Amino acid sequence: MTQPPHIIITGASGLVGGLLAVRLKDQNLTAIGRRTVPGIADQRIAPVAEWPALVATLAPDVAISTLGTTFRVAGFEDAFAAIDHDAVVAFARAARDAGARQFIMVSSVGAGGASFYLKTKGRAEASVRAMDFGRVDIFRPGLLLGKRAGEARPVERLFAALGPLTNALTPRAFDHYRAIAADGVAMAMARVIGAREDGVFLHHNRDMLRA
């Protein structure tokens, strides 16, 4: 009988990561993070700087990053980049060195664009692409719809409330900019775990909704 893949995940305390972890909780899953997440049996809790050392003690087949912060939480650009680029890349590199074949990450629609936020997302994608993974899956959702625990994001809540209207007004050719349910993103990510085709795969809203 084929052994189920060992999956490691960071960002399970966030919106997409939490929903994905719930879907994977009965699988061979290890969560690595800064705080405990209810419902996950195997968790390794440590400061971000210690994550690579923790990953090195594991033997992952698949590594998933759903890490992401905001400028309001981070406070300044360097602190934002420390999470959305540096921590993602360090985790990916440690997972590759530990033997992971597949890396799955949440990025953003427009990654690589003009703003610092999009440039940072694009840099993280480029760094992961350059690593020697057999397969990389990059998810680029639009505005995420879903209830976040704890953290208040009033502007994001406003745009989420307007999501159905703006989605209806957005031409199909630009549907990758539409709002999308976070659970739909988590479901699409779960579907690609263990996919055997090699390469780098970008997943936009349309692909996630199709999944």
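1. Gly68 is found in the loop between strand S4 and helix H3 (71-74). Helices here are DSSP runs of H or I with at least four residues, strands are runs of E with at least two, and both are numbered from the N terminus. At 44% relative accessibility, Gly68 counts as partly exposed. The cut-offs are under 20% relative accessible area for buried, over 50% for exposed, and partly exposed in between, with a 1.4 Å probe and protein chains only. Leaving aside residues up to four places away in sequence, Gly68 touches Ile83, Asp84 and Lys121. A contact means heavy atoms within 4.5 Å. Gly68 and Phe80 are 12 residues apart along the chain, and their C-alpha atoms are separated by 8.5 Å.

2. A word on the model. It is predicted, with local features needing pLDDT of at least 70, side-chain atom pairs counted only at pLDDT 80 or more, and totals for chains, interfaces and linings using all residues. Residues are numbered from 1 along each chain as its sequence is written, and side-chain values use heavy atoms, with hydrogens and water left out.

3. How confident is the predictor? pLDDT is its confidence in each residue, from 0 to 100. The mean pLDDT of the protein is 87, and 85% of its residues reach 70 or more. Two stretches need care. Over residues 158-163, pLDDT stays under 50, and the model has 4 contacts there beyond four places in sequence. Over residues 165-174, pLDDT also stays under 50, with 7 such contacts. Where pLDDT is low, the predicted coordinates should not be read in detail.

4. The structure holds 4 aromatic pairs. Rings of Phe, Tyr and Trp (its six-membered ring) pair if their centres lie within 6.5 Å; planes under 30 degrees apart count as stacked, over 60 as edge-to-face and the rest as tilted. Phe80 and Tyr117 form a tilted pair, 5.5 Å centre to centre, with 35° between the planes. This pair links distant parts of the chain: Phe80 is in helix H4 (residues 77-97), Tyr117 is in helix H5 (residues 116-129), and they are 37 residues apart. Phe80 is buried at 0% relative accessible area, whereas Tyr117 is partly exposed at 28%.

5. Another tilted pair joins Phe91 and Phe103, at 6.0 Å centre to centre and 55° between the planes. Phe91 lies in H4 and Phe103 in strand S5 (residues 102-106), so the pair ties together parts 12 residues apart in sequence. Phe91 counts as buried at 1% relative accessibility. Phe103 is buried too, at 0%.

6. Phe80, Phe116 and Tyr117 form one aromatic cluster.

7. Helix H1 (residues 15-24) is mostly covered, with 7 of its 10 residues buried. Those buried residues are Leu15, Val16, Gly17, Gly18, Leu20, Ala21 and Leu24. What covers them includes strand S1 (7-10), strand S2 (29-33), strand S4 (62-65), S5, strand S7 (144-145) and helix H7 (182-192).

8. The structure holds 1 cavity of 30 Å³ or more. On a 1 Å grid over the protein atoms alone, a cavity is a set of points where a 1.4 Å probe fits but cannot get out; lining residues have an atom within 4 Å of a point. The largest cavity has a volume of about 40 Å³. Which residues line the largest cavity? They are Ser65, Leu67, Asp84, Val88, Met105, Val106, Ser107, Lys121 and Ala124. H4, S5 and H5 each supply at least two residues of this lining.

Conventions
pLDDT is the predictor's confidence in each residue, from 0 to 100. On a 1 Å grid over the protein atoms alone, a cavity is a set of points where a 1.4 Å probe fits but cannot get out, and a pocket is an open set with protein on both sides within 12 Å along at least five of seven lines; lining residues have an atom within 4 Å of a point. Grid points are joined across faces, edges and corners, and a volume is the space filled by probe spheres set on the points.
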